[in-house]
Structure formats: structure tokens, C-alpha cells
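Here is a friendly walk through one protein structure, taken a few pieces at a time. Keep the picture in view as you read.

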Amino acid sequence: MYTIISGTNRTGSHTLKIAYKYQEILREKGIESTVFSLENVDVLNRDATFEKIENEMILPTDNFIFISPEYNGSFPGVLKMLFDTSKNHKIWWDKKALLTGVSSGRAGNLRGMDHLTNILNFMRITVHPNKLPISSIDKLFDADGKLEDENTLKAIRNQINEFIDWAK
């Protein structure tokens, strides 16, 4: 199972748009996936809703794709809290991850992806080496909010192809 995690809780984020683009490309390849947005998710409390997320989203997933915006040179705290509120780290063990960083700046969240890699490795998640930084994210969408930048789409498709082959 593939789960794409949109690593922010901001409403209307470019991060979520990119997550849906990944899902669309996976679907074109005949691979079903789920997009999990952290919008409106209470990651501070371990309640029945959070346990449902663990049991229905995290446990059955073998391959995660994390789309993470840059927040203060790293990734959003809400994503870190998803890990921290989990029952234990064992539910994450022995899984694989692909990372994509997005930012309106020019580095595409490189530092944030390195930080996230360290945390995921601590949780025994193996991270694919092709971590894609997407810079100037706010300039890559057309007037209708669709990602139309051919170079970015080519890089995403290449990254996904590598991940599919690697994750087998």
C-alpha cells in the first residue's frame, strides 16, 4: 500500500496539490494510493480518531511518500507530532519512504528533508536517496491551480519510477 502524506495542516496548501499530483501519476501507472492530509487532524491527542488513523493508514502502508513544505528551515511541527503521538515507533518500522520538499524559496526544503530523513531513519524507515526539492512552488501552477511545469513533472515522474522499482 502507498500512502502520500501531505505534511502540513494549512488549508489550501501547495503541498496538498502536489500530493494529489503524485496520486494521479501513481494511478496512471496502475498503482492505487491514498492521500492523507494533516488538515483538521488532531495530532496532539491520542484518541479514537488518532488510533483509527494508525490502524487504517499507518499500519497497512508499506510505502510512504512525504510531501513536506519548508517551515523555518525544516518541516512542519504537525508532521513531527504525527510521529510523536503514535502509540510507539514500531508501527512505522521496516517501511520505505520517498521525500519531496516544497518551498516558495530556491532550496525546495533541502534542510527539512535532511531533518525528516534523520527522524525517519531513527524510526527504522528506509528513505529513498532521490529526495526531490521543488523550489518556487508558487510559480509552478497555472491559473486553475494545476501543476503544468514540464520540468517539474518530469522530475516527479522520474522520482516515482525510481521509488516503485526500489520499493519492490
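## Helices and their surroundings

Helix H4 is followed by arginine 124, whose phi is positive, near 65°. Before going on, note that this is a predicted model, in which local features need pLDDT of at least 70 and side-chain atom pairs count only at pLDDT 80 or more, while totals for chains, interfaces and linings use all residues. Residues are numbered from 1 along each chain as its sequence is written, and side-chain values use heavy atoms, with hydrogens and water left out. Helices (H or I, at least four residues) and strands (E, at least two) are DSSP runs, numbered from the N terminus.

Let us stay with H4. Its 13 residues should span 18 Å at 1.5 Å a residue, and its end C-alpha atoms are 19 Å apart, which agrees; the expected span is 1.5 Å times one less than the number of residues. In H4, the residues Gly112, Met113, Leu116, Thr117, Ile119 and Leu120 are buried. Here buried means under 20% relative accessible area, exposed means over 50%, and partly exposed lies in between (1.4 Å probe, protein chains only). The cover over these buried residues of H4 includes S3, H3, S4, strand S5 (125–127) and S6.

How do H3 and H4 pack, and at what angle? Helix H3 (residues 77–85) and helix H4 (residues 110–122) meet at about 5°, with their axes 12 Å apart. Axes are lines fitted to C-alpha atoms, for helices over the stretch in contact, and angles run from 0 to 180 degrees between N-to-C directions. H3 and H4 are therefore roughly parallel to each other, a label for angles under 35 degrees. Leu79, Lys80 and Phe83 of H3 make the contact with Leu116, Ile119 and Leu120 of H4, where contact means heavy atoms within 4.5 Å.

Now move to helix H5 (residues 150–167). Its 18 residues reach 25 Å from the first C-alpha to the last, close to the 26 Å expected at 1.5 Å a residue. Thr152, Leu153, Ile156, Gln159, Ile160, Phe163, Ile164 and Ala167 are the buried residues of H5. They cover an arc of only 135° around the axis, which puts them on the same side of H5; the arc is that of the directions from the helix axis to the C-beta atoms. An α-helix has 3.6 residues a turn, so residues three or four places apart point the same way. On the other side of H5, Glu150, Asn151, Lys154 and Asp165 are exposed. The buried residues of H5 pack against strand S1 (2–6), helix H1 (14–28), strand S3 (63–69), strand S4 (95–102) and strand S6 (132–134).

| Residue | Phi | Relative accessibility |
|---|---|---|
| Asparagine 40 | about 60° | 79%, exposed |
| Asparagine 109 | about 65° | 1%, buried |

Asparagine 40 is found in the loop between strand S2 (33–37) and helix H2 (48–58), while asparagine 109 is in the loop between S4 and H4.

## Two single residues

Where is isoleucine 4 found? Isoleucine 4 is in strand S1 and is buried, with a relative accessible area of 0%. The C-alpha atoms of isoleucine 4 and tyrosine 22 are separated by 7.7 Å, although the two are 18 residues apart along the chain.

Lysine 17 has its place in helix H1 and is partly exposed, with a relative accessible area of 32%. Leaving aside neighbours within four places in sequence, lysine 17 is in contact with Gly12, Phe141 and Gly145.

Methods: Angles under 35 degrees count as roughly parallel, over 145 as roughly antiparallel, 65 to 115 as roughly perpendicular and the rest as oblique.
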